[in-house]
Amino acid sequence: MSSTGPVPRDGLLSIDAYVPGKSTAPGNIKVWKLSSNETPLGPSPKAKAAFAAAAETLELYPEGSSTALRTAIAARYGLDPARILCGAGSDELLSLLAYAYLGPGDEALYSEHGFLVYKIATLAAGGTPVVAPEKALTADVDALLARVTPKTKLVFLANPNNPTGTYLPFDEVKRLHAGLRPDILLVLDAAYAEYVRANDYEAGLELVATSANVVMARTFSKIYGLANLRLGWMVGPASVIDAVNRIRGPFNVSGPAMAAGIAAIADDAHVDAAVAHNDQWRAWLTGELTALGLAVTPSAGNFLLVHFPADAGRTARDADAFLASRGLVLRRVDAYGLPDALRLTVGPEEANRLVVDSLSEFLRG
């Protein structure tokens, strides 16, 4: 009889668990959490009202197929609700895709600074992660295609990418898809889709609609402000939706989350206000931080990747500690291979101005 108890399968304990952005700062000062790309406008009042109303039926199981939510999403984007699957955040859907299509010996491919969940989901499914280098912190189609092998089963592409914020034009996405075998599933991770201003972005949904091997994952956690409810959705070919449906939990989306999501996706005015706020303050932050002498990667999301020098006392680690002492919590991105940078969420006006003032003081020494 073993004295160590049950042992997880090989490789599982070698996975580095995902670590969310910090939520606290030292001392008793006001804390501005700018580490998790949460919207400063919060959720739609209509979504909050729908969530509160759902409290009257907490004793009931939710409708297992998220039919009403899928119908609302389909109406908003002109999609077939039968080709939509909802989940507990898009993270769950990414993991379910890995479980459905990867096993020992299979490979999943993604870019160098791609979302950490891709590696975690791949390893958890028993697959092998393969990383392609980026060009100017942006996914490089040629580098991705060069690393496709007979073992490749999934290609993950975050667009815009987290944590860099960089955007791959749709022509490049199409070129990537055209270079893949029909049996390779291209997963377009569009968590920040609603913030993108490029005219070609929603063409990604057309690619999904006309392809047998492309899916797009979206979330209600970012611009809709429902991160606490864990709600996401995916659209893809009927065969992929059927495969993932067979392994998802029967009640993986709660009733209150569905109700809030239906209300949120219908509130265009609230989304428009969030986009306008982000456009204004992302541009302002980029200009102000650049004027301080810091390099800022151009971003299509609701965050900025800010680069710091290697000089002692002025590093990203030093800046992180300095900002935290003033209640400003940013995201270290060492785990993404970017130890000299911090990720900054576009926050409310007061927080944005405080970040710039504090970094100005920090750089003056």
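Mentor: Let's start with accessibility: a residue is buried under 20% relative accessible area, exposed over 50%, and partly exposed in between (1.4 Å probe, protein chains only). Lys174, at 38% relative accessibility, therefore counts as partly exposed. Before we go on, note that this is a predicted model, in which local features need pLDDT of at least 70 and side-chain atom pairs count only at pLDDT 80 or more, while totals for chains, interfaces and linings use all residues. Residues are numbered from 1 along each chain as its sequence is written, and side-chain values use heavy atoms, with hydrogens and water left out.

Trainee: Thanks! Which residue forms a salt bridge with Lys174?

Mentor: A salt bridge here is a side-chain nitrogen of Lys or Arg within 4 Å of a carboxyl oxygen of Asp or Glu. For Lys174 the partner is Asp171, with the closest N and O atoms 3.8 Å apart. Helices (H or I, at least four residues) and strands (E, at least two) are DSSP runs, numbered from the N terminus. Lys174 and Asp171 are three residues apart in helix H6 (residues 170–178), so about one helical turn separates them. Asp171 counts as exposed, at 56% relative accessibility.

Trainee: How many salt bridges does a search of the whole structure find?

Mentor: The search finds 19. One of them pairs Asp106 with Lys153, and their closest N and O atoms are 3.1 Å apart. Asp106 lies in the loop between helix H3 (89–101) and strand S3 (107–111), and Lys153 in strand S5 (residues 152–158), so this pair ties together parts 47 residues apart in sequence.

Trainee: Is Asp106 buried or exposed?

Mentor: Asp106 counts as buried, with 15% relative accessibility, whereas Lys153, at 26%, counts as partly exposed. Another pair is Asp334 and Arg317, whose closest N and O atoms are 3.9 Å apart. The two link distant parts of the chain, 17 residues apart: Asp334 is in the loop between strand S12 (331–332) and strand S13 (341–345), and Arg317 is in helix H11 (residues 316–324). Asp334 counts as partly exposed at 32% relative accessibility, and Arg317 is exposed at 54%. There is also a network in which salt bridges with shared partners join Asp142, Glu172 and Arg175.

Trainee: On to the strands. In what order do the seven strands of the open sheet stand?

Mentor: Two strands pair if DSSP finds at least two bridges between them. The order in this open sheet is S2-S8-S7-S6-S5-S3-S4, and the pairing is mixed. Strands S2 (84–87) and S4 (128–132) are at the edges with a single partner strand each, so one side of each has no neighbour in the sheet. From one strand to the next, the twist averages 20 degrees, with axes taken as lines fitted to C-alpha atoms, for helices over the stretch in contact, and angles running from 0 to 180 degrees between N-to-C directions.

Trainee: In which sense do S7 and S8 pair?

Mentor: Strand S7 (residues 214–219) and strand S8 (residues 232–235) are antiparallel, over four bridges. Met216 has Val235 in S8 as its bridge partner.

Trainee: And at what angle do the axes of H11 and H12 cross?

Mentor: They cross at roughly 125 degrees and come within 10 Å, H12 being residues 349–364. Angles under 35 degrees count as roughly parallel, over 145 as roughly antiparallel, 65 to 115 as roughly perpendicular and the rest as oblique, so H11 is oblique to H12. Contact means heavy atoms within 4.5 Å; among the residues making it are Phe322 and Leu323 of H11 and Leu359 and Phe362 of H12.
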